[in-house]
Amino acid sequence: MITLALSKGRIFDETMPLLAAAGITVLEDPEKSRKLILPTNQDDVRVVLVRATDVPTYVQYGGADLGVTGLDTLLEHSADWGASSGAALYQPLDLRIARCRMSVAVPDGFDYAGAVRQGSRLRVATKYVAIAREFFANKGVHVDLIKLYGSMELAPLTGLADAIVDLVSTGNTLKANRLVEVERIMDISSRLVVNQAALKLKQARIRTIIDAFAGAIRPE
Ligand code: PRP
């Protein structure tokens, strides 16, 4: 049996065409079913639905053989787990799906460039503390990071923080909250991750899936 870990929503939806290229069709709609294990048209392949942040954990510990996860989630997971994550997780493909960017945003009118120039200490709210820490450390900017689990946009509007580090796709969420993007930290897309031990034990089947995914990736 091959187990693929996916999160509901954009990653699930955008992984479906890649699975189709491997001849795999998921037989239930996760938005309609409450099942967490979804069968496919292939008797030896199943999909498990987990929280986006749990995908690397499932694959690292072998609860799933493969998974699809955002680079943002993967980098945060690797920062938390260090070498043990690197040894267990093989990352063969950038799937180029669920693309967006990780950015710094501030309230419209806040002089971010001036604050950076003056060496002010910034309070930054984010779910992505490892990415934010490394980014500001490389810039030589002193920051106090405030970890949040969602609705980051609210932090500067309530005085909790001067700035946020968050994912930006259309930019609509920032605009709706009168925030502006002041720096782009990195481009984000989803990656295929594979459990190293599973790759050895189920080499042929997993390689077929990796190859089919590779052939179905959209060109730039
Ligand atoms: C992300 C992100 C922003 C929003 C950006 O949240 O945290 O809030 O999308 O998208 P936009 O630029 O197209 O408006 P998501 O909906 O993934 O949920 P989350 O807050 O649970 O991460």
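Author: Two strands pair if DSSP finds at least two bridges between them. Keep that in mind as we look at this predicted model.

Reader: Okay, what makes strand β7 and β9 a pair?

Author: β7 (residues 122-126) and β9 are joined by 3 bridges, and the cut-off is at least two, so they pair. The sense is parallel. Within this part, Thr126 stands opposite Val165 in β9.

Reader: And how do you know that β6 pairs with β9?

Author: Again, count the bridges: β6 and β9 (residues 163-168) share 5 of them, where at least two are needed, so this is a pair too. These two strands run antiparallel.

Reader: What about β6 and strand β10?

Author: There you get 8 bridges, in the antiparallel sense, between β6 and β10 (residues 179-188). Met102 turns up here as well, with Met186 as its bridge partner in β10.

Reader: Which strands are the edge strands, and what makes them so?

Author: The open sheet has 5 strands in the order β8-β7-β9-β6-β10, and its pairing is mixed. β8 (143-147) and β10 each pair on one side only, and that makes them the edges. Neighbouring strands are turned by 30° against each other on average, ignoring direction. Helix α3 packs on this sheet, touching β6, β9 and β10, and its direction makes about 75° with that of β10.

Reader: Why is strand β6 called mostly covered?

Author: Buried means under 20% relative accessible area. In β6 (residues 100-107), 7 of the 8 residues are buried.

Reader: Why are α3 and α6 called roughly perpendicular?

Author: Their axes cross at roughly 85° and come within 8 Å. Angles of 65 to 115 degrees count as roughly perpendicular, so α3 is roughly perpendicular to α6.

Reader: Which residues of α3 and α6 meet there?

Author: From α3 come Asp72, Leu75, Glu76 and Ala79, and from α6 come Val129, Ala130 and Ile131. Sorted by class, that contact has 5 nonpolar and 2 charged residues, with no polar ones. Val129, Ala130 and Ile131 are among the buried residues of α6 (residues 129-139).

Reader: How many aromatic pairs does a search of the whole structure find?

Author: The search finds 2 of them. In one, Tyr61 and Trp81 have 5.6 Å centre to centre and 75° between the planes. Centres must lie within 6.5 Å, and planes over 60 degrees apart count as edge-to-face, so Tyr61 and Trp81 form an edge-to-face pair.

Reader: Why does that pair tie together parts that are 20 residues apart in sequence?

Author: Because Tyr61 lies in the loop between α2 (55-60) and β4 (66-70), while Trp81 belongs to helix α3 (residues 71-81).

Reader: Is Tyr61 buried or exposed, and how do you know?

Author: Tyr61 has a relative accessible area of 54%, and exposed means over 50%, so Tyr61 is exposed. Trp81 has 36%, so Trp81 is partly exposed.

Reader: Then what makes the pair of Phe135 and Phe136 edge-to-face?

Author: Their ring centres are 5.2 Å apart and their planes stand at 75°, so this pair is edge-to-face. Phe135 and Phe136 are both buried.

Technical notes. Residues are numbered from 1 along each chain as its sequence is written. This is a predicted model: local features need pLDDT of at least 70, side-chain atom pairs count only at pLDDT 80 or more; totals for chains, interfaces and linings use all residues. Side-chain values use heavy atoms; hydrogens and water are left out. Buried means under 20% relative accessible area, exposed over 50%, partly exposed in between (1.4 Å probe, protein chains only). Helices (H or I, at least four residues) and strands (E, at least two) are DSSP runs, numbered from the N terminus. Rings of Phe, Tyr and Trp (its six-membered ring) pair if their centres lie within 6.5 Å; planes under 30 degrees apart count as stacked, over 60 as edge-to-face and the rest as tilted. Axes are lines fitted to C-alpha atoms, for helices over the stretch in contact, and angles run from 0 to 180 degrees between N-to-C directions. Angles under 35 degrees count as roughly parallel, over 145 as roughly antiparallel, 65 to 115 as roughly perpendicular and the rest as oblique. Contact means heavy atoms within 4.5 Å. Ala, Val, Leu, Ile, Met, Phe, Trp, Tyr, Cys and Pro count as nonpolar, Asp, Glu, Lys and Arg as charged, and the others, Gly among them, as polar.
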